[in-house]
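Here are some notes for a first look at this structure. Please keep the 3D view open while reading.

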Amino acid sequence: IWSTTPLAIKWSALGTGFVFAVAARMLIGLMLSLLLLPVMRKQLPWHREAIRTYVIAGLGIFLTMGLSYWGAQYIPSGLISVIFGLTPLMTAVLAALWLGERAFTPARVLGMSLGMFGLVVIFGGNHMQGEHASAGIVAVVLAVFSQSASAVWMKRVGSQLPALTVTSGSLLIAVPLFIILWLMLGAHLPRAAEPIALGAIVYLGVVGSVLGFVMYFYLLKHLEVSRSALITLVTPVLALLLGMFLNGEHIGVAVWIGTLMILAGLAMYQWGHRLGRRRVVAVSDQAAG
């Protein structure tokens, strides 16, 4: 789902505008999630902890999606997924500062450094993508920060609400914000929306919003917050290939190099400590022998 979302975001704005596209997507997601609540025998509680969870998640959705849709106007869809590959690293730093999770081991610091250098390589080599490409990259980086901060904040609150309940409540917060933003920017209805745009909006509303958010909030509830963000490790390369073959996007050498650095950094962050342990065990065995 996360591999196809960036490309669907670009397609959904064809002839519709990015604000209408994201508002329509979230409205579809909200209606579907509210319909699913009684079917799944779930309730939408409004006690203090529930409201805090809805507000945190809803604001995260509004900022993350709004910035992503705006940035998608100026950069390739695959690059959006690559930048979102930084989510585990950014989440880990925030989790260490806010939740006290252990993040600053030598292997993890090296992984974070590789990921950031990868972003620098992409940023520096992206001058051929258009005059607003840098602004698009900055917007998506801010979207990553928003998503990471929201995830850590929700983990800090410690809500035990079901994933579908959190999805419904958060969309109840996010959808009015998107509608207000749409009204502030002129509230233009699309006159020449392409069929592919309408299909992408429906796909994102049903699959990208409801199914994707439900599974994401389920992960946040049951996994360590920095570990749950590692699902982005598998998406960047697939998203780049989808953008190339389905949307004719040109991916420069700098983007591929930066992508490899980010993936290497994520791998080092997740598994680098195991290499250190193996070396220690090997040295101990040699000494014992």
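Predicted model: local features only at pLDDT ≥ 70, side-chain atom pairs only at ≥ 80, totals over all residues.

1. The largest nonpolar core holds 67 residues. Met26, Ile61, Phe178 and Phe217 have the most contacts inside it. Helix H2, residues 18-39, gives the most to this core: 10 residues.

2. Next, look around Phe217. Which residues is Phe217 in contact with, leaving aside neighbours within four places in sequence? They are Ala57, Ile61, Met154, Ala163, Val166, Thr167 and Ser170. Ile61 is also among the core residues with the most contacts.

3. The largest cavity contains about 380 Å³ of space. Its lining has 26 residues. Trp2, Thr64, Met65, Phe84 and Gln147 lie nearest the centre.

4. Which helices each supply at least two residues of that lining? They are H1 (5-12), H3 (48-71), H4 (77-84), H7 (133-157) and H9 (195-222). H3 has the largest share, with 6 residues.

5. By class, 14 residues are nonpolar and 11 are polar.

6. Finally, follow H7 from end to end. H7 has 25 residues, so at 1.5 Å a residue the helix should span 36 Å. The C-alpha atoms at its ends are 36 Å apart, in agreement with that figure. Just after H7 comes Gly158, with a positive phi of about 75°.

Key
Residues numbered from 1 in each chain as written. Heavy atoms only, no water. Core = buried A, V, L, I, M, F, W, Y, C linked by side-chain atoms within 4.5 Å. Buried < 20%, exposed > 50% of the residue type's maximum accessible area, 1.4 Å probe, protein only. Helix = DSSP H or I, 4+ residues; strand = E, 2+ residues; numbered from the N terminus. Contact = heavy atoms within 4.5 Å. 1 Å grid on protein atoms, 1.4 Å probe; cavity = no way out; pocket = protein on both sides within 12 Å on 5 of 7 lines; lining within 4 Å. Points joined across faces, edges and corners; volume = space filled by probe spheres on them. Nonpolar A, V, L, I, M, F, W, Y, C, P; charged D, E, K, R; others polar. Expected span 1.5 Å × (residues − 1).
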